[in-house]
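Try each one yourself before you read the solution.

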Amino acid sequence: MHLFELARPVPARRKRMTRVEVAVPGALALLASMPSVPALLLGRRNDVLAWNPLGHALVAGHLGFTDPDDPATRPNQMRLLFLDPHTRELHRDWADEAASAVASLRYVAGQYPDDRTLAELVGELSMNNREFARLWAKHDVRLCSSGTKRLHHPQVGDLDLHYEVLHLPDSNGQRLLTHTAVAGSAAADALALLR
């Protein structure tokens with residue numbers, strides 16, 4: 001798929017993708033209807049457009065809950081992963097998480113080659129984090145839609161959570177990232193405590 005995107009003929013006029021992303025209202029309603037599932041609404045550039053309270057508590061309790069509401073304070077999942085020490089400590093397998101995230105970002109970059117804001121994000125991360133620059137230079141491309149995240153949360157300890165990325169139709173790259181635990185597991189108990 002990625003090679004097809006790169007090889008397709010370029011239209012005479014390409015639309016530049018630089019405007020600020022706005023959360024799809026239906027996705028916000030879906031996010032609010034899932035209080036027991038940690039979830040985030042991500043934009044195509046990995047900006048956190050919204051999160052539910054449990055999603056916020058799981059991945060970014062050190063940030064303000066309303067930070068995604070304002071583009072000036074909106075967290076970006078890639079910046080958090082590579083530049084924020086709290087987020088780095090959250091991932092027990094940080095190197096694997098980082099490699100998957102960069103490969104997925106490269107996939108998105110292939111879909112939106114004229115997105116200047118996305119190119120600026122890649123440049124910023126390349127300049128400020130050697131590991132990001134090394135991973136970006138590998139040219140791995142992967143769409144990461146599901147898997148396991150092994151976390152160490154500062155309040156509830158170790159959690160092994162399954163994640164699913166739900167790509168929203170007609171949303172210009174927005175997706176819902178959900179985390180679930182096996183019923184009756186220690187991770188399920190930890191999420192209940194976090195809630």
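**Exercise 1.** Work out whether tryptophan 94 is buried or exposed, then find its ring partner.

*Solution.* Start with accessibility: tryptophan 94 has a relative accessible area of 8%, so it is buried (buried means under 20%, exposed over 50%, partly exposed in between, with a 1.4 Å probe and protein chains only). Phenylalanine 82 is buried too, at 5%. Before going on, note that this is a predicted model, where local features need pLDDT of at least 70 and side-chain atom pairs count only at 80 or more, while totals for chains, interfaces and linings use all residues. Residues are numbered from 1 along each chain as its sequence is written, and side-chain values use heavy atoms, leaving out hydrogens and water.

Next, the geometry: the rings of phenylalanine 82 and tryptophan 94 sit 5.5 Å apart, centre to centre, with 75 degrees between the planes, which is edge-to-face. (Rings of Phe, Tyr and Trp, the latter by its six-membered ring, pair if their centres lie within 6.5 Å; planes under 30 degrees apart are stacked, over 60 edge-to-face, the rest tilted.)

(Helices, H or I with at least four residues, and strands, E with at least two, are DSSP runs numbered from the N terminus.)

**Exercise 2.** Classify the pair formed by phenylalanine 132 and tryptophan 136.

*Solution.* Take the numbers: 5.8 Å centre to centre and 15 degrees between the planes make this pair stacked. Now place it: both residues lie in helix α8 (residues 130–137), and because they are four residues apart, about one helical turn separates them. Phenylalanine 132 and tryptophan 136 are both buried. Finally, zoom out: ring pairs link Phe82, Trp94, Phe132 and Trp136 into a cluster.
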